[in-house]
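This briefing concerns one protein model and is arranged by topic. Please consult the sequence and the structure shown below while reading.

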Amino acid sequence: MHVETLKSGPLVNLTGEQIALNYASIPGMISESGTRFSGRIVNNYVCFGSNIKPCPEDYIYRVIGVFDNKIKLIKSNIYTTGGVDQYGFPGFYWTGSKDNVENNWSTSTLNTVVLNQNYYNSLDPKWQNIISPSTWYVGGMSYNVGGKGAVSGIYPYESASKGSSTTVNAKIGLMYVSDYLYAASSKHYSIPGRDFGAVGAANDWLFMTGKYEWTISRESDFTYSSFSIFTDGSIYDYVVYQSQFAIRPVFYLLPTIKFFDGSGAPDDPYLLNI
C-alpha cells in the first residue's frame, strides 16, 4: 500500500479506519450533480467480488461517481447471461420481453428478473450485502429534453428534483442518460444527446464503441420507447420491445463501503473494505 496515495485518495486502511475521504481530489473526478469521473481516460476501476490481486476480469467494475456518500458502480463489460439478439450478440429488450410493450420500468422483467434476480443472485452473498437498496427515478423525459437537450436539463428528470413522481426501489439498475453524458469531458456538456456522438463520445469513458446500449431512462412522449446509446455514442429513442441492446448493471454501495487499496488503474483497481 502506497502511503503517498493514502494521503490524497478516498481510502481507508485495512482495519477500516478512515484515512481521507476526499473523492473530489482524485484525478478525473469533478463536482457536477454529485462527484463524478469525467473524461475519456480515467483511473476509476474497482474490483467488486474479490479482494485478490490480480482481480478476475469478470469482477472489474468502474466508478460512475459518489452520491450521498455512496459509491456508484457500473460493470466494466456488458452483462451477457441470458440475452441474445437476432444476430447472436448479447442483448436484452428494455421491457425484458417482446410481449411486454410498455416502457414501465416497474413492470420490466429486465428490471425485476434479469437484473434483480438473475444478475443479483449470481453474486456472492457477502458482496450482495454491501449493495445499497436505492430509489431509481424512472419517470423519464421527453425527446426534446433527452434527445435535443443538454445534460444540465436532463439530470433533474433523473433525480428527486423533477423525477420523484415515478420511482422504483431496487438494488440493481442501469445508467441514466445523464450518467453517460456527464462522463464526458466537461467542455462537451452543452452538446445535445442526439448530436453527442460527433464529438462528445470520443471523450467519454462510459462510451463502448460499436454497441447499442440501453439506459434506464424512458421517453415520456410515448408508452413504448426509451433512451439508448447509439453505436456512434449519440442518444436516441428506441422501441422497448423491438430492440435488444447491451446492458451493464449499475448499483450503489452502502455508505460504509470505501476504497482501501489500489490506484484505480486497469491493472491495479481499487479494492473495497469488505
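Three bridges join strand β5 (residues 45-47) to β6, and the two strands run antiparallel. The model is a predicted one, in which local features need pLDDT of at least 70 and side-chain atom pairs count only at pLDDT 80 or more, whereas totals for chains, interfaces and linings use all residues. Residues are numbered from 1 along each chain as its sequence is written, and side-chain values use heavy atoms, with hydrogens and water left out.

- Helices (H or I, at least four residues) and strands (E, at least two) are DSSP runs, numbered from the N terminus; two strands are said to pair if DSSP finds at least two bridges between them.
- The strands β6 and β7 form a hairpin with two residues between them, and D68 in the turn has a positive phi of about 50°.
- Eight of the eight residues of β6 (residues 60-67) are buried, so the strand is largely enclosed by the rest of the structure; buried denotes under 20% relative accessible area, exposed over 50%, and partly exposed the range in between (1.4 Å probe, protein chains only).

- H188 is placed in the loop between α7 (177-182) and β11 (213-218).
- Its relative accessibility is 6%, so H188 counts as buried.
- The side chain of H188 makes a polar contact with the side chain of N203, at 3.1 Å. A polar contact is a pair of N or O atoms within 3.5 Å; within protein, one must be able to donate a hydrogen and the other to accept it, and residues adjacent in sequence count only if both atoms are side-chain atoms.
- Leaving aside neighbours within four places in sequence, H188 is in contact (heavy atoms within 4.5 Å) with F196, V199, G200 and N203.

**Salt bridges of K53**

- A search of the whole structure finds six salt bridges, each defined as a side-chain nitrogen of Lys or Arg within 4 Å of a carboxyl oxygen of Asp or Glu.
- K53 forms a salt bridge with D261, the closest N and O atoms being 3.5 Å apart. This pair links distant parts of the chain, with K53 in the loop between β5 and β6 and D261 in strand β16 (residues 259-261), 208 residues apart.
- K53 is partly exposed at 48% relative accessibility, whereas D261 is buried at 15% relative accessible area.
- K53 also forms a salt bridge with D268, where the closest N and O atoms are 3.5 Å apart. Because D268 lies in the loop between β16 and β17 (271-272) and K53 in the loop between β5 and β6, the pair ties together parts that are 215 residues apart in sequence.

**Further salt bridges**

- The side chains of E213 and R248 meet in a salt bridge of 2.7 Å, N to O. E213 is in strand β11 and R248 in the loop between β14 (244-245) and β15 (250-252), so that this pair links distant parts of the chain, 35 residues apart.
- E213 is buried, with a relative accessible area of 3%, and R248 counts as buried at 4% relative accessibility.
- Salt bridges that share partners join R36, K72 and D179 into one network.
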